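Please take a careful look at the model shown here, and keep the criteria behind each term in mind while reading.

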Amino acid sequence: LIKEQKIKAFYIELTNIIRRYIEADLNIPALESTTDELLTTITDFNMASKLAIDKETISKLSHLLKEADLVKFAKYKPDLALSQSDRLVAEFILNGLKPKEDKEENDV
């Protein structure tokens with residue numbers, strides 16, 4: 001999608017992947033939540049020790065979702081290099097979004 005310069009479609013797909021993962025693996029309603037609602041819920045769950053998500057992952061998630069909202073709703077057009085970078089950021093986020101039990105098993 002990036003190569004075809006379908007930036008809006010790229011960000012829609014990228015955020016849908018992240019949101020589906022959050023909903024399936026973390027059991028947090030993400031598909032029907034606004035960005036702010038989702039970030040609040042993740043932060044609340046994280047503080048309640050049900051998740052073990054580090055601050056950097058939450059920060060990157062917040063930035064990516066808000067940037068994607070600008071692309072989807074405000075006609076913001078990031079350059080191709082930023083879009084490619086955001087793809088890598090999404091991978092970092094997905095690797096950092098783990099339920100506490102999964103992180104504990106990986107730390108053993």
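The questions and answers below set computed values against definitions.

This is a predicted model, in which local features need pLDDT of at least 70, side-chain atom pairs count only at pLDDT 80 or more, and totals for chains, interfaces and linings use all residues. Residues are numbered from 1 along each chain as its sequence is written, and side-chain values use heavy atoms, with hydrogens and water left out.

Q: Why are helices α2 and α3 called roughly antiparallel?
A: Helix α2 (residues 35–47) and helix α3 (residues 55–73) pack at an angle of about 170°, their axes being 10 Å apart. Angles over 145 degrees count as roughly antiparallel, and α2 and α3 are therefore described in that way.

Q: Which residues of α2 and α3 make the contact?
A: With contact meaning heavy atoms within 4.5 Å, the residues are T35, D36, L38, L39, I42, T43 and N46 of α2, together with I58, L61, S62, L65, K66 and D69 of α3.

Q: What makes the pair E91 and R87 a salt bridge?
A: The term requires a side-chain nitrogen of Lys or Arg within 4 Å of a carboxyl oxygen of Asp or Glu, and the side chains of E91 and R87 meet at 2.8 Å, N to O. Both residues lie in helix α4 (residues 80–96), four residues apart, about one turn of the helix.

Q: Why is R87 called partly exposed?
A: Buried means under 20% relative accessible area and exposed over 50%, with partly exposed in between (1.4 Å probe, protein chains only); R87 has a relative accessible area of 41%, and is therefore partly exposed.

Methods. Axes are lines fitted to C-alpha atoms, for helices over the stretch in contact, and angles run from 0 to 180 degrees between N-to-C directions. Helices (H or I, at least four residues) and strands (E, at least two) are DSSP runs, numbered from the N terminus. Angles under 35 degrees count as roughly parallel, over 145 as roughly antiparallel, 65 to 115 as roughly perpendicular and the rest as oblique.
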